[in-house]
Amino acid sequence: MRDSASGSGDVPTVLVRDGDGRDLLCFLEQLIPLDGNDYVLLTPVDTPVSLFRLQDDADPEPIIALNSSEPILSVADVVLQEHDLTLVRSAVTLTVSGELDEPDPDDLDDDDEEDGDEDSETFELLVSFMVEEQEYGLYIPLDPFFVVARMVDGQAELVEGEDFDRIQPRLEAELEDREWPE
């Protein structure tokens, strides 16, 4: 993870806003010109997290749609504060700010190799907590979390929905061409 406090690396940051007016501060990873537009591939400055409902005898169930005032998030706020972390209701994803121990991918690969459980290989549990007799967990994705935006007059506009579905394959192809020169 980048050390933003020291200013080393000087990776530019971009603020992305979603349709609900929520912001997400991101590092600019790639600039990709397509069809006269400049698209940017971004990674959040804070750590992205995903909320899951935990059940004893089933795989964790991701919670996709969540109201930002949901009681579950209020409980998550309190639990995270005990670890000197803050839950941020950002654009695109929930994020956690504060000092986190970065997961070591080498350790995780060995543990889950045999059971084939996809979620356990791509997420690491940060905290779990109870709300009304139901257990929930906030998980950190182990794969890089990218955000796609279009630069318009110096502002990053989130690309989502049908626009994202339309542009994603072309962006991926462009990135593959850049990473694997022949």
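This report describes a predicted model of a protein chain, covering its confidence, some of its strands, its salt bridges and the surroundings of one serine.

**Confidence**

The protein chain has an average pLDDT of 82, and 80% of the residues score at least 70. Among the elements of the chain, strand E3 has the highest mean pLDDT, 94, whereas helix H2, made of residues 105–112, has the lowest, 47. The pLDDT stays under 50 over residues 1–8, a stretch for which the model has eight contacts beyond four places in sequence. Residues 108–120 also have a pLDDT below 50, and this stretch has nine contacts in the model beyond near neighbours in sequence. Where pLDDT is low, the predicted coordinates should not be read in detail.

**Strand E3 and its partners**

Strand E3 is mostly covered, since six of its eight residues are buried. E3 pairs with E2 in the antiparallel sense over eight bridges, and it is joined to strand E10, residues 147–152, by five bridges, again in an antiparallel arrangement. Within these pairings, Leu34 stands opposite Asn37 in E3, while the bridge partner of Tyr39 in E10 is Arg150. The hairpin of E2 and E3 has two residues between the strands, and in this hairpin Asp35 takes a positive phi near 50°.

**Salt bridges**

The count of salt bridges in the model comes to eight. Three of them are set out in the table, each with the distance between nitrogen and oxygen and the relative accessible area of both partners.

| Salt bridge | N to O distance | Accessibility of the Arg | Accessibility of the Asp |
|---|---|---|---|
| Arg170 and Asp35 | 2.6 Å | Arg170, 37% | Asp35, 54% |
| Arg89 and Asp77 | 2.9 Å | Arg89, 26% | Asp77, 17% |
| Arg166 and Asp163 | 3.7 Å | Arg166, 46% | Asp163, 34% |

The salt bridge between Arg170 and Asp35 has its closest N and O atoms 2.6 Å apart. Arg170 belongs to helix H4, residues 161–179, and Asp35 to the loop between strand E2 (23–34) and strand E3 (37–44), so this pair ties together parts that are 135 residues apart in sequence. Arg170 counts as partly exposed at 37% relative accessibility, whereas Asp35, with 54%, is exposed because the limit for that class is over 50%.

In the second pair, Arg89 forms a salt bridge with Asp77. This pair links distant parts of the chain, with Arg89 in strand E6 (residues 86–89) and Asp77 in helix H1 (residues 71–81), 12 residues apart. Asp77 is buried, with a relative accessible area of 17%, while Arg89 counts as partly exposed at 26%.

Elsewhere, salt bridges that share partners join Asp18, Asp20 and Arg22 into one network.

**Around Ser90**

Ser90 is found in the loop between E6 and strand E7, which covers residues 94–97, and it is buried, with a relative accessible area of 5%. The side chain of Ser90 makes a polar contact of 2.7 Å with the side chain of Thr95. Apart from neighbours within four places in sequence, Ser90 is in contact with Arg22, Asp23, Leu24 and Thr95; of these, Arg22 is also a member of the network with Asp18 and Asp20.

Conventions: Residues numbered from 1 in each chain as written. Heavy atoms only, no water. Salt bridge = Lys/Arg side-chain N within 4 Å of Asp/Glu carboxyl O. Helix = DSSP H or I, 4+ residues; strand = E, 2+ residues; numbered from the N terminus. Buried < 20%, exposed > 50% of the residue type's maximum accessible area, 1.4 Å probe, protein only. Polar contact = N/O pair within 3.5 Å; in protein donor to acceptor, adjacent residues only side chain to side chain. Contact = heavy atoms within 4.5 Å. pLDDT = per-residue confidence, 0-100. Pairing = 2+ DSSP bridges.
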